[in-house]
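Biologist: I would like to learn how to read the packing and the sheet of a model like this one. Could we go through it feature by feature?

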Amino acid sequence: MVTQGRVARGAALAAALVLGVSACGSSDSGSSPSSGSTPAALEGVGPITLVTGKDFSGNLQNQVDTWNQQHPDQIVKVIELPEDADAQRQQMVQNATTKSDAYTVLNLDVIWTAEFAANQWVTQLPESELPLDKLLPATVETGKYFNKLYAVPTTSDGGLLYYRKDLLDAAGVKPPTTWAEMKAACDKVLPTAPGTSCYAGQFEKYEGLTVNFSEAVNSAGGVVVGDDGKPNVNTPEAKKGLDFLVEGIKSGQISQKARTFKEEEGRRAFQAGELLFQRQWPYQYAKANATDGSSQVAGKFAVAPLPGLDGPGASTLGGHNYAISSFAKNKKTALDFIKYSIDEKQQRDNLEKTSQAPTWASLYDEQALIAQFPYLTELKKSIEAAKKRPAVVKYQEVSSAIQQAAYDAMGGTTTSEDALKKLQSKLEELTKQ
Ligand code: GLC
C-alpha cells in the first residue's frame, strides 16, 4: 500500500532510517550511502559484460547482438548465472565483495537494490539522462534507495493465474476469483482429467517461495512486513494465507512434486498438461503457447488475476533492473547500453517475442499488443497494485526466514501457527537496529 500524505511519509522515513528500510519512491530526501545528490559522470568506453540470471526467453542475446553490430568497439558479453534468484545474488555479491571488474551491468532482481546500493556495490545513476517518466512508476521505485536511482527497470513481473480454459469451458466452470472457487473448480474438473493436479506455484525453498507465501498472506488481508517497516506476520490473516498453501498440500490439491518447483519446473509441468491452475509470471505465456511441439497446452489456456480469500488476490511485485557495478571499467558504455535496453523499441520487441512484462507504460495500452496478449490490461493493474517485498539491506536473511517458515509448514514439520510465531520473532530480530 502506498503511504499517503506528508506526515505519514515523514513517519515512514523515520522508521526506515531506524530499521534500515529504504524510503524508495518517497518524495522526502533521506540520508544517503553516497555523498552528493548529483552522481559523478560515468566514464569509460569499451567492451563490457552484462550479468544476468538464466535467460528463459532466449531473446536477450538477440538484443545484445543488435547492439554489438552497431557498436563493434563496445561489445557486450552476456554472462548467464543460474536460474534460481538466490544463487544469482550469491555470485553477484561475491564478485562485488572482491571488487572484481568482471561484471559491468548487473541485472538485479528488484529486491536487491537496497543491499547493493547501501554497500556501494553499484553506482548512482543520472536520472535526468533516463526516460524515467515513460516507465511504470511502481517499477522505477524499485530501483531507488533513499530517493536516489541505482538501477533502471528493464522488465517488470506480476503473478498471474494460468488456467486450462479448455477443461474449464468443457465443465462449464468460470475462472475462479477466490481460493474456494478454485477448489470447487478442481473438485468438478479433475475427475475428468487424469494426471492433472489442481494447483502449483513456486514452492521450492528459494526466493520464489517468499513470493508465493507473501501473495498468499496479502491475498488473505495480512502483511509480512508493513509499510512502517515492522513485521506483522503472527496474525489470523497471515495464518489464513499460509493455511491456503498448507491445506492445499494436505488435501492433495497441491502435489508433493510442486514442492520442488521453481519457475521452470512448474512451467514444464504446466506445458505437459499436469496442472489445471498455476501461479506463474508472464514469461510463461509465450512459451506455453509455442506450437513447435514443446507445449501440449498451446491455445488451451488463458490467464486471470490471482485468486484470494474473499475476492481477487494480490500479486507480489517482481522484475529486474539494470545497475552498473562500482568496480567496472567502461561505465559510460554501460549507461548507453542501459538506455538502449530500456528503450520503447527494445521493450516492444521483447514483449512480442517473450511475453515478459515491459516497464514502458504506454505499451500496455497499445491495441495490437493487447490483441496478442489479452492479459496486458490486467497485468498493468496488477503491477500497479502489487505488494513490494521489504526493501531492507538484509533482505536475503529476511527472505531465508520466510522461506524456512513456509517450507516447514507446507512440509508438515510444524503448524502454521508455530511457523508464523517463530517467523515473527526472527523478522523482528532482523529488522531492529
Ligand atoms: C522472478 C521475479 C523476481 C523474483 C523471482 C523469484 O524472476 O521477476 O522479482 O524474485 O521471480 O523466483
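**Core, domains and sheet**

Modeller: The largest nonpolar core has 124 residues, and those with the most contacts inside it are Phe213, Phe277 and Phe337. Such a core is a set of buried Ala, Val, Leu, Ile, Met, Phe, Trp, Tyr and Cys residues joined through side-chain atoms within 4.5 Å, where buried means under 20% relative accessible area, exposed over 50% and partly exposed in between, with a 1.4 Å probe and protein chains only. Helix α16 (residues 395-411) gives the most to this core, with 8 residues. Because domain 1 (13-158 + 317-384) and domain 2 (160-304) both give residues to the core, it lies between them.

The model is predicted, so local features need pLDDT of at least 70 and side-chain atom pairs count only at pLDDT 80 or more, while totals for chains, interfaces and linings use all residues. Residues are numbered from 1 along each chain as its sequence is written, and side-chain values use heavy atoms, with hydrogens and water left out.

Biologist: How many residues of domain 1 are in contact with domain 2?

Modeller: Contact means heavy atoms within 4.5 Å, and on that basis 23 residues of domain 1 touch 19 residues of domain 2. The domain bounds come from an automatic or database domain assignment, and the centres of the two domains, taken over C-alpha atoms, are separated by 28 Å.

Biologist: Which residues does phenylalanine 337 touch?

Modeller: Leaving out residues up to four places away in sequence, phenylalanine 337 touches Ile48, Leu50, Val64, Trp67, Val76, Val105 and Tyr322.

Biologist: What is the order of the strands in the open sheet?

Modeller: Strands of a sheet pair through backbone hydrogen bonds, either parallel or antiparallel. Here strands (E, at least two residues) and helices (H or I, at least four) are DSSP runs numbered from the N terminus, and two strands pair if DSSP finds at least two bridges between them. The open sheet of 6 strands has the order β2-β1-β3-β11-β6-β12, with mixed pairing. β2 (76-80) and β12 (357-358) stand at the edges with a single partner strand each, so one side of each has no neighbour in the sheet.

Biologist: Where does serine 156 find its bridge partner in β11?

Modeller: The partner in β11 is glycine 319, and β6 and β11 pair in the antiparallel sense over 5 bridges. Serine 156 also stands opposite alanine 357 in β12. Because 6 of the 6 residues of β6 are buried, that strand is largely enclosed by the rest of the structure.
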